[in-house]
Amino acid sequence: MADLVARVREVLPSVRADLEDLIRIQSVWADPARHSEVHRSAALTAKLLSDAGFREVHIVQEGGAPAVIARHPAPEGAPTVLLYAHHDVQPEGDVTQWDSAPFEPTERDGRLYGRGSADDKAGIAVHLAAMRAHGGNPPVGVTVFVEGEEESGSPSLGALLSAHKDLLAADVIVIADSDNWSTEIPALTVSLRGLADCVVEVATLDHGLHSGLWGGVVPDALSALVRLLATLHDDDGNVAVEGLYEGTAADVDRGPDWVATETGLLDGVQQIGSGSVVQRLWAKPAITVIGIDTTSIAKASNTLIPCARAKISMRVAPGGDALAHLAALTRHLESHAPWGAKVTVTPGDVGQPYAIEASGPVYDAARSAFAQAWGTVPVDMGMGGSIPFIAEFAETFPDATILVTGVEDPGTQAHSINESLHLGVLEKAAVSEALLLGALGQNDSGSR
């Protein structure tokens with residue numbers, strides 16, 4: 001163990017340099033103007049994996065962004081471990097709100113800032129570190145799969161898994177795209193909420209009307225939409241849609257001040273919903289209005305608005321079905337139209353929730369590796385966010401054990417301004433993965 005830890009620390013400077021090169025590439029697949037950057041990111045990822053000792057490296061596409069598959073064959077009798085990450089990133093948003101340039105890696109106070117520094121180019125860095133620590137020759141088979149469109153919903157992932165199933169087949173799948181409990185306490189993510197969204201359109205007129213002539217008699221669509229959206233929650237902020245599933249979260253506590261500290265909740269603003277914080281985040285449905293199409297204030301006139309639209313995002317608790325939840329939300333919206341307004345619901349993306357049976361020899365090996373690397377055992381935690389592709393992996397490889405790990409922590413601010421990676425967490429995550437590969441190669445932990 002001591003030798004392996006030392007080797008991880010020896011390779012970390014080169015790994016960090018490679019991570020910084022990846023961060024400088026603006027691999028935003030959601031922006032068609034930067035698709036060439038995503039291809040450039042895939043090419044650099046492939047080169048880094050080849051240099052790390054992978055004998056077989058492919059850049060593949062199945063109608064979407066380029067992904068990278070790198071393979072190191074398993075020694076006789078040893079299991080194969082699939083290591084996942086993604087090289088695409090979220091758009092940077094308002095550049096003026098960043099404290100440093102979003103695509104120029106910058107270290108401050110032990111954190112490396114930049115878009116993708118944690119989510120999820122750090123996942124690539126962890127895999128590189130583990131492979132290099134083993135001298136390019138780990139005691140297990142290792143396949144690295146680096147996707148290129150995770151931040152766009154992984155629309156071609158199913159086609160990739162189907163087309164390259166033989167290349168990606170593994171006994172253990174490690175998905176390095178999640179969070180840790182803190183910078184000092186690691187976590188294994190064992191449940192994730194699903195996702196469903198839709199656009200609801202409310203219409204009250206076939207054309208706009210003078211608000212002075214008709215206001216107070218004829219309803220405007222925006223007021224009707226606001227009233228409709230208000231029916232989605234009760235007065236305490238709990239979701240008020242019938243037929244949604246609620247599970248039970250683990251008995252852990254984030255502390256009374258955690259929400260305010262981590263979110264920037266304004267003074268005087270109350271939390272919504274009932275139950276513990278982790279119950280609300282991990283095991284209950286949530287509904288959020290994430291966008292409205294209507295007349296802007298700059299273009300407003302004294303006119304009754306005839307039509308308005310909103311996009312609604314719903315999180316589905318593990319144990320629920322995302323399609324059934326979307327149907328329940330649709331029924332609610334259609335049956336709660338105020339003043340007889342015409343309501344049209346257009347379904348959007350759907351991703352299923354997932355709960356993992358976190359037991360068996362692979363999980364024993366993982367918990368041991370984490371405990372050695374971090375100095376404390378990992379917490380089994382849920383994730384309020386959604387990683388729908390995990391269910392696709394589970395469906396494609398039903399006999400594989402899935403581990404969901406990550407290099408993020410509550411201060412990472414993934415998807416937000418000033419995204420950052422805690423460099424101490426990077427080291428401990430790399431040590432954990434290197435130790436796990438070693439442990440899986442020394443016994444029969446690669447089987448369920």
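User: How many bridges join E4 to strand E5, and which way do they run?
Analyst: Three bridges join E4 to E5 (residues 111-113), and the two run antiparallel. Strands (E, at least two residues) and helices (H or I, at least four) are DSSP runs, numbered from the N terminus. Two strands pair if DSSP finds at least two bridges between them. This is a predicted model: local features need pLDDT of at least 70, side-chain atom pairs count only at pLDDT 80 or more, and totals for chains, interfaces and linings use all residues. Residues are numbered from 1 along each chain as its sequence is written, and side-chain values use heavy atoms, with hydrogens and water left out.

User: What is the bridge partner of Glu 107 in E5?
Analyst: Leu 112.

User: Which helix packs on the sheet there, touching E4, E5 and E18?
Analyst: Helix H13 (residues 423-442) does, and its direction makes about 60° with that of E18. Helix H1 (residues 2-23) lies across E4, E5 and E18 too, running at about 25° to E5. Contact means heavy atoms within 4.5 Å. Axes are lines fitted to C-alpha atoms, for helices over the stretch in contact; angles run from 0 to 180 degrees between N-to-C directions.

User: What's the strand order in that open sheet?
Analyst: E4-E5-E18, three strands with antiparallel pairing.

User: And which strands stand at the edges?
Analyst: E4 (106-108) and E18 (420-422). Each has a single partner strand, so one side of each lacks a neighbour in the sheet. On average, neighbouring strands here are turned by 25° against each other, direction ignored.

User: Switching to E2. Is strand E2 largely enclosed or left open, and why?
Analyst: Largely enclosed by the rest of the structure, because five of the six residues of E2 (residues 67-72) are buried. Buried means under 20% relative accessible area, exposed over 50%, partly exposed in between (1.4 Å probe, protein chains only).

User: Which strands does E2 pair with?
Analyst: E2 pairs with E1 (residues 56-60), antiparallel over five bridges. E2 also pairs with E6 (residues 141-147), in the antiparallel sense over five bridges. Glu 56 stands opposite Arg 71 in E2. Ala 70 stands opposite Val 144 in E6.

User: What do E1 and E2 form, and how many residues lie between them?
Analyst: A hairpin, with six residues between the strands. In the turn, Gly 63 has a positive phi of about 90°.

User: Last one. Where is His 332?
Analyst: In helix H10 (residues 322-335). His 332 counts as buried because its relative accessibility is 6%.

User: What is His 332 in contact with, leaving aside neighbours within four places in sequence?
Analyst: Thr 231, Leu 232, Ala 240 and Val 241.
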